[in-house]
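Look at the structure first, then read on.

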Amino acid sequence: MFRDNKPLNFLFWIITGIFSFLFIYLLVKLFPVYDAVFSFLWHLLLPFLISVLIAYLLYPVIQKMHKHGLPKSLAILLIYMLFFGGAGYLGYRIYPVVIEQTRDLQEQLPQLIEMYRDFIYSLYEYTSFLPETVHDRMDGLISEAETYIENLLTNLVRSFTKIFDMIIIITVIPVLVFYFLKDFNIIKKYFKNWIPGRYHARTRLLCQSIDEGLGSYIRGQLIVCMFVGVAAFTLFKLLNVPYALLLALIMGLTNIIPYFGPIIGAIPAVAITAPLSGKLVLIVLAGVFAIQVIDGNLLSPYIVGKSINIHPIAIIFALLLGGQLSGVIGMILAVPVLAVINVVMSHVISVRTNN
């Protein structure tokens, strides 16, 4: 309707943008109201979401094996056993160490904070010309950081040691993944029946576009994050950095966040090594920088590529919004969600243009 009228078309998109911004603003402001509901739904749906993601990542491998002559049922069983066998072995070796290091860090936290206090107090001599309120604010920041980190470590230990949640993850997710892989075509046909026939072609193209961009992005990012985690663990082990495995896991997981991830992942390593030695901090920073250079200039361009063609400004906005809504988890999910929205909007605009 507005295609041939540029002023009305421009006005339409301005109004759409304003209402979208107001909707997002209301979501942020009303978050405490529906936080409890979302928390319940999150815990209820989490096993299904994890299972869908694992099945989504494994299914293309099964398809390729099937195309090379291996029966599909055997391919599913083989990949299923390799994936969960490897994940189970890694969990058996890594999980207890992570819990032990997290608990140890929680116990050593007061000593680390005290070392930082001594460091800050030594700076008072060099900042004596500043007003007393600045020094009071520095003390307040240290106290707030101590409380925040202590609560964070306590919540991590509690979440790691929740027996009921672990039983659900260990027992339910492998079963769900198996059925998602086995009955993929049945599930696909079921959802297809809910879509009117005249939209089947458009829906198929939309799903293919989302899969091409999002699938390669997620698989590539997981490979890159694995490299960053392994490289960081090797670096920390060689330098005898305390809590090497825990710090490497943090670096690997946060690396999936564009732009901010490397900074977020490096902060804990710097915070742990700063009280030990200034020289060690510089070596750790140089090593982390070298890992990120390899990642940004060699691995990511070839493994991830430009699978998500979105402007950096939009990505940064999505990351900030995700961080406000759900912290680090929100930042991790921000780019995939933005990619899906981008593909859907592109198809909507394409349909409007062609009609």
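The angle between two helices is taken between their N-to-C directions and runs from 0 to 180 degrees, with each axis being a line fitted to C-alpha atoms over the stretch in contact. The model shown here is predicted.

In this model, helix α7 (residues 200–238) packs against helix α8 (residues 244–254) at an angle of about 150 degrees, and their axes are 8 Å apart. Because angles over 145 degrees count as roughly antiparallel, α7 is roughly antiparallel to α8. The crossing of α7 past α8 is right-handed.

The table lists the residues that make the contact.

| Helix | Residues in the contact |
|---|---|
| α7 | C225, V228, G229, A232, F233, F236 and K237 |
| α8 | A244, L245, L247, A248, M251 and G252 |

Sorted by class, the contact of α7 with α8 has ten nonpolar residues, two polar residues and one charged residue.

How much of α8 is buried? Eight of its eleven residues are buried, so α8 is largely enclosed by the rest of the structure. The buried residues of α8 are A244, L245, L246, L247, A248, M251, G252 and T254.

The largest nonpolar core has 24 residues, and F236, L247 and V284 touch the most other members. Two or more residues of this core come from each of α3 (72–124), α7, α8, α9 (261–273) and α10 (278–303). Another core, of 18 residues, lies apart from the largest one and includes Y217, C225, I310 and A339.

Terms used
Residues numbered from 1 in each chain as written. Predicted model: local features only at pLDDT ≥ 70, side-chain atom pairs only at ≥ 80, totals over all residues. Heavy atoms only, no water. Helix = DSSP H or I, 4+ residues; strand = E, 2+ residues; numbered from the N terminus. Parallel < 35°, antiparallel > 145°, perpendicular 65-115°, else oblique. Left-handed = near helix turned anticlockwise from the far one by under 90°. Contact = heavy atoms within 4.5 Å. Nonpolar A, V, L, I, M, F, W, Y, C, P; charged D, E, K, R; others polar. Core = buried A, V, L, I, M, F, W, Y, C linked by side-chain atoms within 4.5 Å. Buried < 20%, exposed > 50% of the residue type's maximum accessible area, 1.4 Å probe, protein only.
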